[in-house]
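Biologist: Please take a close look at the aromatic rings. Walk me through how they pair and where they sit.

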Amino acid sequence: MSPPRAYEETQVSEIHLVIDRDRMRTFLPFVLWTLLCCPAARAEIFTSISQMTDLIYTEKELVQSLRDYIRAEESKLAAVKSWAHRLDDLTRVTTSDPEGYLAHPVNAYKLMKRLNTQWSELETLVLQNPSDGFISNMSVHRQYFPGDEDETGAAKALMRLQDTYQLDSEAFSRGKLPGLHHNALLSVDDCFDMGKTAYNDEDYYHAVLWMQQALKQLDGGEESVGSKADILDYLSYSVYQMGDLARAIELTRRLVAIAPTHQRAGGNLRYFEHLLLKQLNEQNQDYPPAPEEPIRLGTYRRPKDHLPEREAYEALCRGEGLQMNEARRSRLFCRYHDGRRNPRLLLKPMKEEDEWDSPHIVRYLEMLSHEETERIKELAKPKLARATVRDPKTGVLTTANYRVSKSAWLEEEDDPVIARVNQRIEDITGLELDTAELLQVANYGVGGQYEPHYDFSRRPFDSNLKRDGNRLATFLNYKDEPDAFKRLGTGNRVATFLNYMSDVEAGGATVFPDFGAAIRPKKGTAVFWFNLFRSGEGDYRTRHAACPVLVGSKWVSNKWIHERGQEFRRPCGLTEVD
């Protein structure tokens, strides 16, 4: 026996306007047709004062219906004017600095919601009367609007940020994010929709957090289109799914108190009480008092997912768990790098800084100028598409929830700046770029991330293998894909050169969970590391991730350099892990 799940309501939004046009369309024409188009009825009516008095009341009702119609039209016009006034103020702010506005993840979520849900409602409202100009514009622009998937994705991005950076729902609802003081608030209905998105995905952990926040704001006096009963309905069942029967009972009792005729509340309450009594009898315990502490971040434990190093990865994103110490720092240096006396670097060598000693990761300062980064962005924007990953089973490129960004591939023929950047990378690394992949440009939006992954293709190996003592820690055999680059005929990805093309206010670090390093984005700089040992064996320590962008817009470009052509530029070493 299990309680029925909370039923699906229609989606609430910030503006609802009720116009009883159907009643007007049926009632008013009927009366006019009766008076004007039925001679028999008219002939009989005028012969009787009694019947004529009925016409007086009929006329009064017609006048009242006319006034209802006028008020409905005026209310509709007032609603449209209110929309126009509010959006005029909003667009004045958003268009002054679009990227800065969207840097706040709440603003990005609300943009998705506004265009997907609320503009559609306005369209329906305006369609009730001829408005060809507006409808024509809506039709033209609708093809560019976000859809349900976008709105859901933006909501899940907020939840991802909430988890990674351990932010409670109130922090998001009030716009209290690190380094930000913008007034980007979530209403009761926004929080309800966030919770409902999680609920529909059977993510009861986040459903509880966001329904609780909606309830808190509603109890605090905020206005809402949705009802408290709706919130309690979803919240009580989600709490039950989290295994907290005592609190589920307390919430369901509140629901019954305000909605005694609710179609599920009574049955759910009896079922929850039955389960709790059964548990108490089995454990020989007394009935517990109603929970007094409110639900907050940490009340319930987040369920485990597919990522084994989730906690370590997210801790590094928050700046926790870093393994940098004084001994390691003493082995890091900065220097001028001339690419082994490369003619193009002799007069202006690169500024090179060590970011990590083993594996060796370096950062190059002033790798890209402001003009170069802006030109690369300009070239990439028309080509941006959802970034893909290679399915290890099928070898087919596909989108994945663990990689949330848009990317574009740029060729040297696209613009001289691409050829110039490629040449600079070759000069700095001393590696052959003829077999490298195209320059990939990526933009991470709201909550954009790329969870821990390898850049190189993995070969099956013995997970118990110990390589050169502690030089390479054993690692699980994760998604082997030995033929990932077979089609290219250029060997494996020997190295990664990553350009940071924007500063990021919060989040967005490149982290290496295996050895506890975090590299912060800095516009114009680049980081470089080898993915393979000289033997061609993969360096499994280089498993890395792009942390979710909390505040800002992260732009990067990268060059994946392959093995072929490096035979004399990076010859094999004497051991497997040289």
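**Aromatic pairs**

Modeller: Tyr240 has 16% relative accessibility, so it counts as buried (under 20% relative accessible area; exposed is over 50%, partly exposed in between; 1.4 Å probe, protein chains only). The model is predicted, so local features need pLDDT of at least 70 and side-chain atom pairs pLDDT 80 or more, while totals for chains, interfaces and linings use all residues. Residues are numbered from 1 along each chain as its sequence is written, and side-chain values use heavy atoms, without hydrogens or water.

Rings of Phe, Tyr and Trp (its six-membered ring) pair if their centres lie within 6.5 Å; planes under 30 degrees apart are stacked, over 60 edge-to-face, the rest tilted. That rule gives 21 aromatic pairs. Take Phe172 and Trp210: their centres are 6.4 Å apart and their planes at 45 degrees, so this pair is tilted. Phe172 lies in helix 8 (residues 169–173) and Trp210 in helix 10 (residues 204–219), so the pair ties together parts 38 residues apart in sequence. Helices here are DSSP runs (H or I, at least four residues), numbered from the N terminus. Phe172 is buried at 0% relative accessibility. Trp210 is buried at 0% too.

Tyr237 and Tyr240 also form a tilted pair, 5.5 Å centre to centre with 50 degrees between the planes. They sit three residues apart in helix 11 (residues 228–241), which means about one helical turn separates them. Tyr237 is buried, at 5%. Ring pairs link both into a cluster whose members include Phe192, Tyr199 and Phe272.

Note on methods
Helix = DSSP H or I, 4+ residues; strand = E, 2+ residues; numbered from the N terminus.
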